[in-house]
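Trainee: Please take one part of this model and look at it closely. I would like a connected walk through a single sheet and what surrounds it.

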Amino acid sequence: MGIDKLEDAAMHAVKATGNTLVTAGPGAGKTELLGQRGVFLMQTGLCAYPRRILAISFKRDAARNLRERFERRCSKEQIERFDSLTFDAFTKQLFDRFWRGLPAEWSLKNPYTIAYAPSRAETQQFQRSVADGLGDETKLGGRIEKIAGVRAERNGVTATSYEDYQNGIQRLSLAPVRVGTYGAFLHFARIAWALDQNPSPLTFQMLGRLLQAVVESNPVIRRAICATYSHVFIDEFQDTTYVQYELMRSIFKGSTSVVTAVGDDKQRIMRWAGAQEDSFGEFAADFLDGPPDLGRARLVLQSNYRSNKRIVEILNILKGRLAPTEPDFLAVRDAPDLPPEQICSVAVSENESEENANIAAFVSRRIFAGIDPRQIGLLVRQKANDWEDRLAPYFEASGIGLRNEDRNVGGASIQDLMVEPYAQAIVDSLEFLSTKRGGIVWTRLVDLLMTVEGLDEQAGDQRKSRVLDPLDRFKSKNLFDEAAIPSAAQIEALVEEVEAFLELPRLAALAPQYQQGNYFDQIRAATLAFLKEATNGRRNWNEVFKWYRGEGQVPLLTITKSKGLEYDIVVQLGLDDTQWWSFAKDPAEGHSNFFVAASRARDRLHMAFCKANKIQKINEIYDLLQQAQVPVQEGCEWAGK
């Protein structure tokens, strides 16, 4: 619906009657496939009322994107039965509903707050505390030994590295109890310690393990969840952590719920965050094992709708290193009629300052040629803030805006802030107040108010009295000129007016992540801070809104943050040992990271490094680029073309 066609394997996945694992390479249209499947299930009645579809994504913008595709094609009643959530949101919603089902030894005695990983110093202090209590059941260490049924050595507890502690929760189970490493033992102790605090500081991963204990201990709750969802989608499946996957397995394995997992194990770049080593193999064993008449299938999508033919040729060379047995990608678009080095090349500069100048010159020429600055992606392996410091003066001198999507502003990264429901509501409201005509922001505000008022499209007179009339009065009272230059005090005052009109409790109810702890306050502070930064004492309101959204600015972001995005032109910065220092430690993840970066490009792909930095650790990547006949050129020559 809404597109010309799907390749045969994708159509098979859309209509599948059983569990399905789909390997979908870059540009294959994973989100479109899931959107089409959701529409098909609803409109054919295969997801019959009152059952629902659960779509799980890793990032909030991906969850929103999938939901928007679904909304364009379905009725109001069908949309209400489509839950597009992140893993964290899904976990928290179920935990808040079913926490009373926790086993007695893990019961929640106090309110809880969403916590983040403790610092290295705090972790070391906690390790010493646990070690001091070993062998004494009146203390935390001894109590955990008894519950886990293990004897721990003091040296094993204190010698556990910070990284092993962080990964410990991936090797842990609360029901039944499983403690496989000292990192798991320490996380086991951390959960017990947190539950004794008031309020209890719990990370999303802790919530996942506690929720799994609820499900494993209460078959009735498990059956209730499965009865709710007839179909389950899991996007970016290759990045599923052990905590996330084992929770989903505890709920849906062996049930009548049909699970569709879509991902690409060539793009597995989240091992550092606990992603499974063999997520596809685990899924096949748990969900595809059974007779063929159940309709279970493992499918591979070959079409690449994003990149042109020349870039796809390069991706096939890179794929050969990661998945040699998979079929090659098939390009849908031809390459432009340009010299090869203008489509893809490695640009080499003499030193760092020359490289900065070359990058700024290259970007400037592309913008002058008519390319939207937002369609030029500058990707880095790590330390985007350092790259911003390096490039900003050169970009400013060239009259180009540079936007570090990774930069933290008052408690949230810029990229994350753009998809926060609170931030969207505030900025939409301000833009609505600054214009004579409402346009799309009026539509979004009406939809928001209809939602919080519990009204549907058929509300009629209630819609006018409870939404439209108050919105008109609010605008009449607070209307301001979009050409005016706001001060920081004016921004604060207007944000307060918007919060008072929309009501803070209703804004806090927009997302599950706002319900506990101080996350909602962090997003409020970040939104206000970024709006103040946007005005810079010289921009008018119209310019503030454009700057806030990133219009006219070239995005700079890490490869991890680029997942799910695409650009007309990609420039991979710092393809050298300094940025890719961990390549030798984990070559598979290194190759996957480079593959992800290269596959973001639609029309042109370039890599840059300077001779002052070594490339010995990542020679394998350069060997593949040579095999793909990617030309090498001087940075100044590259910048001038």
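Mentor: Start with a term. Two strands pair if DSSP finds at least two bridges between them. The model is predicted. Now take strand β17, residues 567-572.

β17 belongs to an open sheet of seven strands. The order is β15-β16-β14-β17-β18-β13-β19, with parallel pairing. The edge strands are β15 (401-404) and β19 (632-634), and each pairs on one side only. From one strand to the next, the twist averages 25 degrees. In general, strands of a sheet pair through backbone hydrogen bonds, either parallel or antiparallel.

Look at one side of β17. Strand β14, residues 376-380, runs parallel to β17, and four bridges join the two. Leu-378 has Val-571 in β17 as its bridge partner. Leu-379 has Gln-572 in β17 as its bridge partner.

Then take the β18 side. Five bridges join β17 to β18 (residues 601-610), again with the strands running parallel. Val-570 stands opposite Leu-605 in β18. A helix belongs to this part too: β17, α28 (residues 587-598) and β18 make a right-handed β-α-β unit.

How covered is β17? Mostly: six of its six residues are buried.

Now Ser-562. This residue is found in helix α27, residues 559-562. Buried means under 20% relative accessible area. Ser-562 has 0% relative accessibility, so it counts as buried. Set aside its neighbours within four places in sequence, and Ser-562 is in contact with Leu-379, Leu-557, Val-596 and Arg-600. Leu-379 has come up already, as the bridge partner of Gln-572 in β17.

Next, the helix across the sheet. α18 (residues 384-397) lies across β14, β15 and β16 (553-558). Relative to β15, α18 runs at about 175 degrees.

Finish with helix α17, residues 352-368. α17 has 17 residues and reaches 24 Å from its first C-alpha to its last. That is close to the 24 Å expected at 1.5 Å a residue. Its buried residues are Glu-355, Asn-356, Asn-358, Ile-359, Ala-360, Phe-362, Val-363 and Arg-366. Gly-370 follows α17, with a positive phi near 110 degrees.

Terms used:
Residues numbered from 1 in each chain as written. Predicted model: local features only at pLDDT ≥ 70, side-chain atom pairs only at ≥ 80, totals over all residues. Heavy atoms only, no water. Axes fitted to C-alpha atoms, helices over the stretch in contact; angles between N-to-C directions. Contact = heavy atoms within 4.5 Å. Expected span 1.5 Å × (residues − 1). Buried < 20%, exposed > 50% of the residue type's maximum accessible area, 1.4 Å probe, protein only. Right-handed = clockwise from strand over helix to strand, strands pointing away.
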